[in-house]
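Here is a short briefing on how two chains meet and how one of them is built. The points are grouped by topic.

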Protein chains: 2
Amino acid sequence: MLHDPVGAFVPGEAVTATGAPDGPLHGLTFAAKDLFAVAGHVTGAGNPDWRRTHEPAERTASAVRLLLDAGADLVGRTITDELAYSLLGVNAHHGTPTNPAAPDSVPGGSSSGSAAATAAGLVDVALGTDTSGSVRVPAGLCGIYGVRPTFGSVPSDGVVGLAPSFDTVGWFARESLPLWQVATVLLGPAPPDQPPHDHLLVADDVWAAADDEVVDALLPAMQRLAVRLPTSEVPQLATEGLDVWADQARVLVAREAWTVHREWLRSTNPTLSLDVKQRFDAAALVTDDEVTRARAVRDQAAKRLDDLIGPTTVLALPTAPEIAPLLDSTDAQFAEFRRRTLALTCIAGLAGLPQVTIPVAALAEYPVGLSLIGAPGTDHQLLALAATVTRPAD
Amino acid sequence: MLHDPVGAFVPGEAVTATGAPDGPLHGLTFAAKDLFAVAGHVTGAGNPDWRRTHEPAERTASAVRLLLDAGADLVGRTITDELAYSLLGVNAHHGTPTNPAAPDSVPGGSSSGSAAATAAGLVDVALGTDTSGSVRVPAGLCGIYGVRPTFGSVPSDGVVGLAPSFDTVGWFARESLPLWQVATVLLGPAPPDQPPHDHLLVADDVWAAADDEVVDALLPAMQRLAVRLPTSEVPQLATEGLDVWADQARVLVAREAWTVHREWLRSTNPTLSLDVKQRFDAAALVTDDEVTRARAVRDQAAKRLDDLIGPTTVLALPTAPEIAPLLDSTDAQFAEFRRRTLALTCIAGLAGLPQVTIPVAALAEYPVGLSLIGAPGTDHQLLALAATVTRPAD
């Protein structure tokens with residue numbers, strides 16, 4: 001039986017697969033979020049009604065297959081927020097995985113179980129998905145590395161989608177080497193000719209979106225980066241305002257999520273947790289005019305980011321604006337966490353940029369992650385840079 | 001001017017070199033121990049009389065050149081114990097680098113400055129040499145990764161030697177990814193067909209050689225390894241006794257050190273710290289009979305290790321038997337630390353085996369390193385395994 005002291009794995013199923021007898025990941029163990037198809041098993045998507053209304057998968061998701069073919073062993077599937085439509089990591093059906101670094105607080109989601117299993121040392125690496133922050137947020141809150149790769153760079157077949165123009169397959173690790181090893185398998189080897197990031201961009205509006213204590217906790221890591229890279233500052237990354245960017249990203253994700261899931265929602269009338277249900281109910285009401293306006297803002301945001309973030313520029317930002325919310329937070333507090341967090345996570349999402357979150361600091365015992373965003377396709381360089389930023393001995 | 005809050009770099013010199021404009025290490029910074037030749041500069045070997053009696057190097061040491069050609073930038077040369085003939089990290093001429101993790105204690109040596117600079121975050125990686133533990137010991141005491149590679153696997157030309165049949169070029173890193181990146185440059189890429197380590201060997205005599213508190217501190221990491229790998233136990237690794245192995249290694253190192261340095265010692269009559277001087281004085285008195293007996297024990301030890309440590313077996317052991325000695329320890333305490341430490345470090349040295357030390361634990365604030373030893377040539381697999389053993393969040 002799987003040893004699972006943090007409740008990270010989907011209860012009542014045993015989804016395992018042995019990796020190829022050799023390959024660059026041989027010796028590593030991994031878990032996959034309960035959105036990844038494994039042949040012969042029903043994908044649960046965090047919701048019992050989903051599981052009840054779906055057949056066992058015929059094919060294993062390509063991302064899982066790539067890791068198996070590279071020699072890693074799949075040890076289980078991990079709990080996700082329902083249909084991946086939350087950033088909290090709370091799941092009333094399967095339980096809320098314990099945040100190993102902060103057991104009184106949520107682990108973050110929606111890839112909650114993958115983050116918790118990795119942080120607790122139950123696996124070396126884990127697959128998640130990241131639409132609006134679902135890898136970056138739980139990685140940051142649990143104090144581990146998490147990668148949202150360049151949009152479209154990792155195959156997403158066999159993965160339950162949420163918002164196809166935002167969805168990515170990402171991954172978690174405690175250590176920079178397995179993080180990198182997975183990158184070389186999912187993305188391919190590092191391009192031989194790409195220059196490393198040599199310029200650090202700091203945007204005042206982005207840092208103003210986080211709690212002062214979070215900014216203070218990240219200061220030493222930022223100083224280590226600034227010693228290494230020439231730094232420039234812009235007062236405003238989001239010309240239209242970060243809240244506007246986040247709002248419009250939310251509109252687009254909602255419309256896409258409704259398009260993806262409305263048939264199933266209507267035909268099944270599933271039991272959903274209140275916040276996820278409310279989100280789908282609101283998604284149904286998004287108008288075409290709202291979508292048109294949101295697309296225009298997305299285009300402006302993508303152009304702005306393309307102008308500012310060249311192939312050797314890295315943007316540094318807090319992964320989340322605050323530490324992990326307490327488990328007994330009010331609904332209003334959770335909603336506020338979501339709203340504020342999306343203002344930071346929407347940046348990479350709107351423009352399809354790669355982002356890595358690095359465990360660099362803590363407030364008391366609560367992890368605080370620093371994120372780096374690069375230009376599309378600079379994922380390997382971003383990971384190499386990330387491994388130089390960790391906290392030295394003190 | 002180089003920022004050096006821990007006194008890790010050789011005072012009064014500025015030895016820098018810019019790496020190639022691209023390559024797999026582009027973006028990384030490194031330091032090299034004051035035994036590595038850099039063209040145009042005099043190598044100091046930790047002793048002013050050595051510096052005074054030597055000319056500037058004509059060629060840069062191959063290990064330094066390999067890192068430069070791979071794109072890493074050399075930022076300085078680091079303090080070494082005199083002629084690398086100590087494990088403490090104390091140097092009366094150049095100062096004792098601060099142990100960033102334990103400022104009241106020695107950093108360990110002889111690659112003291114490389115360990116301190118890496119631990120303090122002044123460089124990403126650093127080169128050292130390891131004859132009897134001079135990379136492994138300071139890495140363990142400073143709480144970072146350190147590698148002693150398979151004997152003969154990294155070119156040592158341009159490096160001041162101590163005992164040629166034991167000398168290796170090793171390296172330090174805070175993070176597993178740069179540790180690995182350097183391996184792929186100094187050792188070449190990972191062999192595609194080598195199986196990972198799949199069997200853990202625990203030897204009772206090796207663990208009995210360490211303080212109970214050190215053993216206890218390493219227990220969680222050992223349990224993480226044991227979950228991953230089938231484990232077997234042998235009561236005695238050193239059939240002749242670990243102290244006998246260490247004594248004979250000391251005899252052989254002494255004879256080789258005397259052979260390497262006697263001309264210079266006689267012609268220069270250098271000012272050496274008392275313990276290094278006493279060591280050379282004793283080395284001069286080693287008899288041929290003692291060497292013959294020591295070689296026989298070395299052959300027995302190498303055979304024993306070859307029998308026990310197959311290509312997929314890994315031996316786990318404490319890197320050092322105790323935490324870093326306090327700076328104000330007595331000479332007797334320092335001597336006892338050296339004696340006890342050599343009983344653990346001689347194992348890899350006698351048989352030319354690769355060893356990596358991993359920062360997995362601490363006693364109060366004092367780092368405790370866990371070491372893994374593998375069969376010759378399994379360095380890459382050892383580093384990949386090492387990156388899975390680090391402490392999870394708790």
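Two strands count as paired if DSSP finds at least two bridges between them. On that basis, ten strands of chain B form an open sheet with mixed pairing. The model is predicted. Chain B can be laid on chain A with an RMSD of 0.0 Å.

**Sheet of chain B**

- The strand order is β2-β1-β3-β5-β4-β9-β10-β8-β6-β7 in chain B.
- β2 (73-78) and β7 (231-234) of chain B are the edge strands, and each pairs on one side only.
- From one strand to the next, the twist averages 25°.
- Strands of a sheet pair through backbone hydrogen bonds, either parallel or antiparallel.
- β4 (residues 145-148) and β5 (residues 168-173) of chain B pair in the antiparallel sense, over three bridges.
- In this part of the sheet, Val147(B) stands opposite Trp171(B) of β5(B).

**Helices on the sheet**

- Helix α3 (residues 112-119) of chain B packs on the sheet. This helix touches β1 (29-33), β2, β3 (125-130) and β5 of chain B.
- The direction of α3 makes about 155° with that of β3(B).
- α12(B) lies across β4, β8 (313-318), β9 (355-363) and β10 (366-373) of chain B.
- α12(B) runs at about 20° to β9(B).

**Helix pair α8(B) and α10(B)**

- Two packed helices are described by the angle between their axes and the distance between the axes.
- Helix α8 (residues 242-268) and helix α10 (residues 288-308) of chain B pack at about 125°, with their axes 9 Å apart. That angle makes α8(B) oblique to α10(B).
- The crossing of these two helices, α8(B) and α10(B), is left-handed.
- On the α8(B) side, the contact is made by Val244(B), Trp245(B), Gln248(B), Val251(B), Leu252(B) and Arg255(B).
- On the α10(B) side, the contact residues include Glu290(B), Val291(B), Ala294(B), Arg295(B) and Arg298(B).
- By class, the contact of α8(B) with α10(B) has eight nonpolar, one polar and four charged residues.

**Helix pair α8(B) and α9(B)**

- α8(B) also packs with helix α9 (residues 274-284) of chain B, at an angle of about 105° and with the axes 9 Å apart. Angles of 65 to 115 degrees count as roughly perpendicular, so α8(B) is roughly perpendicular to α9(B).
- Ala254(B), Arg255(B), Ala257(B), Trp258(B), His261(B) and Leu265(B) of α8(B) meet Phe280(B), Ala282(B), Ala283(B) and Ala284(B) of α9(B).
- This contact of α8(B) with α9(B) has eight nonpolar, one polar and one charged residues.
- Arg255(B) is named in the contact with α10(B) and in the contact with α9(B).

**Chain A and chain B**

- The superposition of chain B on chain A takes a turn of 180° and a shift of 0.0 Å along the axis. That is the relation of a two-fold axis.
- The C-alpha of Leu177(B) is the one nearest the axis in chain B, 2.1 Å from it.
- The contact takes 30 residues from chain B and 30 residues from chain A.
- On the side of chain B that touches chain A, the elements giving two or more residues are α5 (176-186) and α12 (379-386) of chain B.
- α5(B) gives the largest share of that side, four residues.
- The residues of that side of chain B divide into 16 nonpolar, seven polar and seven charged.
- 100% of the interface residues of chain B are also interface residues in chain A, so the copies meet through the same surface.

Note on methods: Residues numbered from 1 in each chain as written. Chains lettered and ligands numbered in written order. Predicted model: local features only at pLDDT ≥ 70, side-chain atom pairs only at ≥ 80, totals over all residues. Least-squares fit on C-alpha atoms with pLDDT ≥ 70 in both. Contact = placed C-beta atoms within 7 Å. Axes fitted to C-alpha atoms, helices over the stretch in contact; angles between N-to-C directions. Parallel < 35°, antiparallel > 145°, perpendicular 65-115°, else oblique. Left-handed = near helix turned anticlockwise from the far one by under 90°. Nonpolar A, V, L, I, M, F, W, Y, C, P; charged D, E, K, R; others polar.
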